[in-house]
Amino acid sequence: MAFMMKSSMPGKSKGNKNAGGFVKTKIKVWAVVLWLVIWEAAARFIGQEILLVSPVIVLLRLFQLAASAGFWESVFFSFVQITGGFFCALLAGALLAWAGSFFPWIKEMAAPVMAAVKATPVASFIILILLWVPSRNLSFVIAFLIVLPVIYTNILYGIENTDKELLEMAEVFRVPWGRRIRYIYLPEVLPYFRSACSVALGLCWKAGIAAEVIGMPSGSIGERLYEAKIYLETPDLFAWTLTIILISICFEKIFLFFVDKVTEME
Amino acid sequence: MDIVINRLSKKYGEKQVFKDFSLRIKEGTSLSVMAPSGKGKTTLLKILAGLETADEGYIEGLENKKINMVFQEDRLCPGLNAIDNIRLVCGKEMKEERIYQELETVGLKGNEKYPIRDLSGGMKRRIAIVRALIAPYDLLLLDEPFSGLDTDNKKKMINYIKEKNETKTMILVTHDPWEAQTMGSHIFTL
């Protein structure tokens, strides 16, 4: 997993690359349509809904589900838990990175914890945390743990790579801290922060929902997915998965839109 | 208050930059410090500015002094324009008209609102000099301030500095004898 996104830094990369350093290709409508046709053809060929459901049926099932209040209650529950964990990790990661950049002992103290969190399988965390916290807060804690090291590492990297010459200038000219943060640190850190958010948003939804499937908090998307699996309701499984994908993409787009607006202002 | 440098020594690894260096700089003096490259001119200014610490010795007379500096590099925020770069150090108290006026004096009229990254090296240099002179100070440190300027602009900036800095203490480091003589009332060779 790429936690450091140097290639996506402005002025440091050539071409259209994403956080992992791979060339980012814009998704074309024709490619999506082609894959939907292949999916439909495969579903018809297999002819067993329980193994592979047609995309049309998935869409119809999604509309049916969306018409019920329970659907929106589950979406709301999971959304609040997972985005809550994401925002708390954002705040904690930023504060910790800020403190770590000024006090090396904080950075040294945090290093093994961050390394452990990064390396530990999500499933281990989920099982362990289920022992400590109620299952309804599990996805919050898991989203927090998954996002924290990504945000911390990237913001710390951004702060540590802030132009030392500009910082010396600010020191000599007695520039107040507020202005230093606004005009010297923020323009350097924001691109790293954006890349970190882009990666962390996808990760937190995947891990958060996985946590809900294992912990099965009542009224969550994870519980609905688990029920779909137990009762072999493949259309429901696909419809809920599509829901998660849509929420994750929409939230990521909206959040990054605001981050980009702030970056443009800088 | 005079600035008194007492037996200052500085080493980078095994390299002794200067040893037991002492000097008294009277208040209001314009001092030119000359030395070939690598003899510690910039290090001396950095110690005076508080950006480096001496290995031995001490400096008196810097307490509560506001120091402004023109660095060897421009050290301007690339995304900000000239006005905002100057305001970064001066704050909102500095009237925009005053900054426009100073920039016009050094031949930068019409370039005030362009981001620094879009300006030429000579323009950036002039902005860095204006920034150091416009913000209030007691001691002005100039580290090769005219590097990258053509002859006309160099003369213009020398006149600008001399005009603006009539009474304050100024220390210029340079390897150019003409700059040292033109700018300094006293010349010291490291």
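**Entry 1: chain A overall.** I kept in mind that this is a predicted model. I began with the secondary structure of chain A and counted 10 helices and 0 strands. Read from the N terminus, its elements run α-α-α-α-α-α-α-α-α-α. I then looked up the extent of the C-alpha trace of chain A, which is about 75 × 45 × 30 Å along the principal axes. Of the 266 residues in chain A, 40% are buried. Among contacts in chain A with a separation of 6 or more, 72% join residues 24 or more positions apart. The accessible surface of chain A is about 14,500 Å², and carbon and sulfur atoms hold 70% of that.

**Entry 2: the sheet in chain B.** In what order do the strands of the open sheet in chain B lie? I found S5-S6-S7-S3-S8, 5 strands with parallel pairing. Strands S5 (67–70) and S8 (186–189) of chain B are at the edges; each has a single partner strand, so one side of each has no neighbour in the sheet. From one strand to the next, the twist averages 20°.

I looked at one pair in detail. S5(B) and strand S6 (residues 139–143) of chain B are joined in the parallel sense by 4 bridges. B:Val70 has B:Leu142 as its bridge partner in S6(B). Helix H1 (residues 41–49) of chain B packs on this sheet and touches strands S3 (30–34), S5, S6 and S7 (169–174) of chain B. The direction of H1 makes about 155° with that of S6(B).

**Entry 3: the nonpolar core.** Which residues have the most contacts inside the largest nonpolar core? They are A:Phe86 and B:Leu48, in a core of 123 residues. Helix H8 (residues 177–215) of chain A gives the most to this core, namely 16 residues.

**Entry 4: cysteines.** How many disulfides are there over all chains? My search of the whole structure gave 0. For A:Cys197, the nearest cysteine sulfur is that of A:Cys204, 9.9 Å away, whereas a disulfide needs the two sulfur atoms within 2.5 Å. A:Cys197 has 0% relative accessibility and therefore counts as buried. A:Cys204 is likewise in no disulfide, and A:Cys204 is buried, with a relative accessible area of 1%.

Definitions and conventions
Residues are numbered from 1 along each chain as its sequence is written. Chains are lettered from A and ligands numbered from 1 in the order in which they are written. This is a predicted model: local features need pLDDT of at least 70, side-chain atom pairs count only at pLDDT 80 or more; totals for chains, interfaces and linings use all residues. Side-chain values use heavy atoms; hydrogens and water are left out. Two strands pair if DSSP finds at least two bridges between them. Helices (H or I, at least four residues) and strands (E, at least two) are DSSP runs, numbered from the N terminus. Axes are lines fitted to C-alpha atoms, for helices over the stretch in contact, and angles run from 0 to 180 degrees between N-to-C directions. Contact means heavy atoms within 4.5 Å. A nonpolar core is a set of buried Ala, Val, Leu, Ile, Met, Phe, Trp, Tyr and Cys residues joined through side-chain atoms within 4.5 Å. Buried means under 20% relative accessible area, exposed over 50%, partly exposed in between (1.4 Å probe, protein chains only). Accessible areas come from the Shrake-Rupley method with a 1.4 Å probe; for residues, only the protein chains shown count as cover.
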